[in-house]
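Here's a quick tour for anyone meeting this protein for the first time. Have a look at the sequence and the model, then read on.

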Amino acid sequence: MSSGRSDSDHEPTVCLLRAGSLPVDLTESLHERGFTVEQHALAVGSDSGSEAGRCFARLATGAEPPAAIVLVTNDPSVLEDAQLGAFDPVVVATSDRQVERAVHTGTYPVSGVCRVTDDSAAATLAWVVDSAIEVHEFEVQTERLRVDTALVRDVNTGIVRATSRGEVESTVCDRLVGTRYTLAWIASTHEDPVEVRAIAGRTGSTTDASSLAESVDGEGPLAAALATHKIQVAWDEPLAERYRPDGVDGPFGVAVAPLVYEDRCFGALVVHSETREGIDEQAQALLTDVAENAAHAIQAARDRETVRLSRNRLEAITGAIPDLVIVYDEDARYEEVLTNEPVLGLENPNVLLGRTAHEILPHEAADSVLGAVRDTIETGEGQTIEYTVPFEGDTFVWEARTTLLERAADGAGRVVFLARDVTERHEYQAELEAKNERLDEFASFVSHDLRNPLNVAQATLEMVEAADEDSGTYLAEARLALDRMTDLIEDVLALARQGAVVEDPTRTALEPVVHRAWASVDSGDAKLDVGPDLGRVLADPDRLQQLFENLFRNSVEHGSPGDGPVTVHVSRTPTGFRVVDDGPGIPPENREQVLEHGFTTHDSGTGFGLAIVDRIVSAHGWTVAVVDPPEPDLGACFEIAGVEFV
């Protein structure tokens, strides 16, 4: 009788688990059905339950478990004692009606039962076993298809929500691990060495690809998948110990699915599995679908980024277009006028054509325009002017630049005139200047009113000290309090004045400023180490020196390492410069607070020194942050970034 398995790689195995004997030989009919038969004895007696449990557990966890188990027994108690749930499918063979009836009426996890009393019944048993295996395989495949469908749906949901390529890659890896895969990672396309773009599994967020690439790079499945754009699999591949589950030595299977969309390859999805099920044909189909969907999502993310960049570029270009583009002749006569929107009520710029600037603009503004036009024609050099135009009760400020278009020998010519409305900028600058002036006046007023009584108190204290030597201790404390008030007044005044925006920075070499600042600080035995090539920046030299003075003073007062004087290092960084000492450093929980006014950890400190640094940095358009030092044995580290070197 044919089993229908002539194309199988090997004959499936059926285990005859005997807890008794039957008067009929069961092996012959099973052999004829195409099965290999193994026979094991199951002890029957007081310990039959434990023996059955051990036997079923061994069979269920073996490297090559049988395709089915035939439990041979005429004892109904074996059904009660045997742990049948440890394996599937199980078929009961018996010649006893009670056993057959018990199977039909009980709740045992049994796929079928056959009462065998003769050779014909033995042939029927072989058919029952074959059918039980097919049903079991169908159920397994159906359940696996359900799980795979849910997994693909889960992965697709994640990648659809992802907004970048990195999110797509991380989502795919995270959601594949924990199903049937030990490790999942995304390999770059053709980099040498291989770059791991995303990874999930035993290693967390590591990106060290050296041990991963050993088994899949070179002439392995990764290279083949990238070259052919088809999924590649291999069994019994090495996997570094740190990537394996605890207590698992292997073997491991690997599958590499290229991330391809419309013939464009974005890399490869690599998964490692402890079981062959993770790389079989059904798994390959799943991984191929996941890789294709991921590649599609990556392309979509790239398209969105391209659109975003194009939109930003268009907005930048549009923003750079001036409000007015005019072509003037040598008499400032309008020859062409272009606008990107109505300007000062000018709906149709063609009404200006043929008229001169003096016919349209106020006399003073027209003189400025005509002068710039003629200077440009005469010298060939562009001119920049600023002029005002009244309109509907308001005054608008315009900034313009000229460019020579053509020049004739008789002095005639044409000039391109680009004009932009800068009224809002001027209003903001005027408002800011007014605020700074009021703040400076207020700070000066307060400091003056505080200094007068303070000077009186200090003078009185000096007279008391001279007259009453016995009160020296108490008077010394009063002297310290007055000195602290003096420092507070100076720091508050500096804090108020250093916030003003630096409007006219000059080209300033950093190194001389650093040395002048160090010379003005009472540094004691502290040392200064200045790195090479600090460069030049656009800055207010005096306020820049104040910045360094306050940072140096902070290091000298707080940065003593305990076993000697502090050393302060100043060096250049790619985006600015760094001041770092070798003291105890600033605790991470205090790093944001130290730049706030009033924060200090020193009894005699005012808490304004670093706040002044923050104000000076902001006034220059830079940023300052307390960061980890570049070397582990260093302490407080201040980095000033956003600096433009010239």
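What follows is a short briefing, from the overall picture down to single residues.

This is a predicted model, so to speak of local features a pLDDT of at least 70 is needed, side-chain atom pairs count only at pLDDT 80 or more, and totals for chains, interfaces and linings use all residues. Residues are numbered from 1 along each chain as its sequence is written, and side-chain values use heavy atoms, with hydrogens and water left out.

**The big picture**

- The protein has 16 helices and 22 strands; these are DSSP runs (H or I over at least four residues for helices, E over at least two for strands), numbered from the N terminus.
- Out of 646 residues, 41% count as buried, where buried means under 20% relative accessible area, exposed means over 50%, and partly exposed is in between (1.4 Å probe, protein chains only).
- Take the contacts between residues at least 6 apart in sequence: 60% of them join residues at least 24 apart, with contact meaning heavy atoms within 4.5 Å.

**How to read the helix pairs**

- Two packed helices are described by the angle between their axes and the distance between the axes.
- Axes here are lines fitted to C-alpha atoms, for helices over the stretch in contact, and angles run from 0 to 180 degrees between N-to-C directions.
- Angles under 35 degrees count as roughly parallel, over 145 as roughly antiparallel, 65 to 115 as roughly perpendicular, and the rest as oblique.
- A crossing is left-handed if the near helix is turned anticlockwise from the far one by less than a right angle, and right-handed if clockwise.
- For residue classes, Ala, Val, Leu, Ile, Met, Phe, Trp, Tyr, Cys and Pro count as nonpolar, Asp, Glu, Lys and Arg as charged, and the others, Gly among them, as polar.

**α5 with α6**

- Helix α5 (residues 119-161) and helix α6 (residues 165-176) have axes that come within 9 Å and cross at roughly 155°.
- That angle is why α5 and α6 count as roughly antiparallel to each other, and their crossing is right-handed.
- On the α5 side, the residues that meet α6 include L151, V155 and I159, while V168, V172 and L176 are among those on the α6 side.
- Sorted by class, this contact of α5 with α6 has 6 nonpolar, 3 polar and 4 charged residues.

**α15 and its two partners**

- Helix α15 (residues 541-558) and helix α16 (residues 609-619) have axes that come within 9 Å and cross at roughly 150°.
- So α15 is roughly antiparallel to α16, and α15 passes α16 in a left-handed crossing.
- Among the residues making this contact are L547, N550 and L551 of α15, together with L610, V613 and V617 of α16.
- The contact of α15 with α16 divides into 8 nonpolar, 4 polar and 1 charged.
- The axes of α14 and α15 come within 8 Å and cross at roughly 50°.
- That makes α14 oblique to α15, and here the crossing is right-handed.
- V513, A517 and W518 are among the α14 residues in this contact, and they and their neighbours in the list meet α15 residues including L544, F548 and V556.
- By class, α14 with α15 brings together 10 nonpolar, 1 polar and 2 charged residues.

- S523 sits in the loop between α14 (510-519) and β17 (527-530).
- S523 is buried, at a relative accessible area of 14%.
- Leaving out residues up to four places away in sequence, S523 touches W518 and V556.

**Two residues with a positive phi**

- Most residues other than glycine have a negative phi, and most peptide bonds are trans.
- E262 is not a glycine, yet its phi is positive, at about 50°; E262 lies in the loop between β9 (252-261) and β10 (264-273) and counts as exposed at 65% relative accessibility.
- A332 is not a glycine either and has a positive phi of about 60°; A332 lies in the loop between β11 (324-329) and β12 (334-339) and is buried, with a relative accessible area of 0%.

**A buried strand residue and the cysteines**

- L183 belongs to strand β6 (residues 183-187) and is buried, at 0% relative accessible area.
- L183 and V271 are 88 residues apart in sequence, but 5.7 Å apart in space, C-alpha to C-alpha.
- The structure holds 0 disulfides, a disulfide being a pair of cysteine sulfur atoms within 2.5 Å.
- C173 is buried, with a relative accessible area of 0%, and C637 is buried too, at 1%.
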